[in-house]
Amino acid sequence: MTRVRQAVADDIPELVRLRALLFETLGDGSSSGGDWREALVEVLKEDLDEDTKRILVVDGDGGLAACGVGFIELRLPGPRLRNGRLGQVINVITDPAHRRRGHSRAIMKQLLDWFAERDVARVDLHASADGERLYRALGFVDHPEPALYWRP
């Protein structure tokens, strides 16, 4: 059985490693530069104690086997967001040596319970091709709104 726990400060180097692995897995070559890693360390230090963020991990042999992050944003309520509480799931990744053991599923179930306990009206995520089947099995459906982004 997979044991999921909340991340602590000692997990930060492994969380950085897993995030870099996520970008490599997605084919994002921009993960090789180090500037973002230093910024990530600082953000993770702050996020570990935030009430609106949950960083979950599964231990492996000599490091973390998997992780996932959930956070809650307050937005304006509307027809698709009744109370304005929007959950986001990011950075769900399992180390290749530990895949196919249910770690991501266990992390996701705990994140979804955490969101439900906090009356989140909707949870969004971006699924990789490898993760889409899991997310659909957990009840995720196609997003009703088109997604675009802008970078200054």
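This is a predicted model: local features need pLDDT of at least 70, side-chain atom pairs count only at pLDDT 80 or more; totals for chains, interfaces and linings use all residues.
Good morning. Residues are numbered from 1 along each chain as its sequence is written, and side-chain values use heavy atoms, with hydrogens and water left out.

What does the side chain of Glu132 meet in a salt bridge? The partner is Arg136, at 2.8 Å from N to O. Because the two residues stand four apart in helix H4, about one helical turn separates Arg136 from Glu132. Helices here are DSSP runs of H or I with at least four residues, strands are runs of E with at least two, and both are numbered from the N terminus.

Salt bridges with shared partners also link Arg5, Asp11 and Asp59 into one network. Within it, the closest N and O atoms of Arg5 and Asp11 are 2.7 Å apart. Arg5 is buried, with a relative accessible area of 18%, and Asp11 is buried too, at 7%.

A further pair is found in helix H1, residues 12-25, where Glu14 and Arg17 lie three residues apart, about one turn of the helix. Their side chains form a salt bridge at 2.8 Å, N to O, and Arg17 is partly exposed at 30%. In total, the structure holds 13 salt bridges.

How many residues does the largest nonpolar core have? It has 21, and those with the most contacts inside it are Val89, Ile107, Met108, Leu111, Phe115, Tyr135 and Phe140. Such a core is a set of buried Ala, Val, Leu, Ile, Met, Phe, Trp, Tyr and Cys residues joined through side-chain atoms within 4.5 Å. Among the elements that each supply at least two residues of this core are strand S2 (53-59), strand S3 (64-74), strand S4 (85-94) and helix H4 (132-137). Helix H3 gives the largest share, six residues.

Ala66 lies in strand S3 and is buried, at 0% relative accessibility. Ala66 and Ile107 are 41 residues apart in sequence, yet their C-alpha atoms are 8.3 Å apart in space.

Finally, the charged surface. Arg100, Arg105, Lys109 and Arg133 form a positive patch. Arg105 belongs to helix H3, residues 103-117, and is partly exposed at 35%. A negative patch consists of Glu46, Asp49, Glu50 and Asp51. Glu50 sits in the loop between helix H2 (35-47) and S2, and is partly exposed at 36%. Patch residues have over 30% relative accessible area and no salt bridge, with like charges joined within 9 Å. Thank you.

How values were computed. Patches are made of residues with over 30% relative accessible area and no salt bridge: like charges are joined within 9 Å, nonpolar side chains (Val, Leu, Ile, Met, Phe, Trp, Tyr) within 5 Å. Accessible areas come from the Shrake-Rupley method with a 1.4 Å probe; for residues, only the protein chains shown count as cover. A salt bridge is a side-chain nitrogen of Lys or Arg within 4 Å of a carboxyl oxygen of Asp or Glu. Lys and Arg count as positive and Asp and Glu as negative; His and the chain ends are not counted. The place of a charge is taken as NZ of Lys, CZ of Arg, CG of Asp or CD of Glu. Buried means under 20% relative accessible area, exposed over 50%, partly exposed in between (1.4 Å probe, protein chains only).
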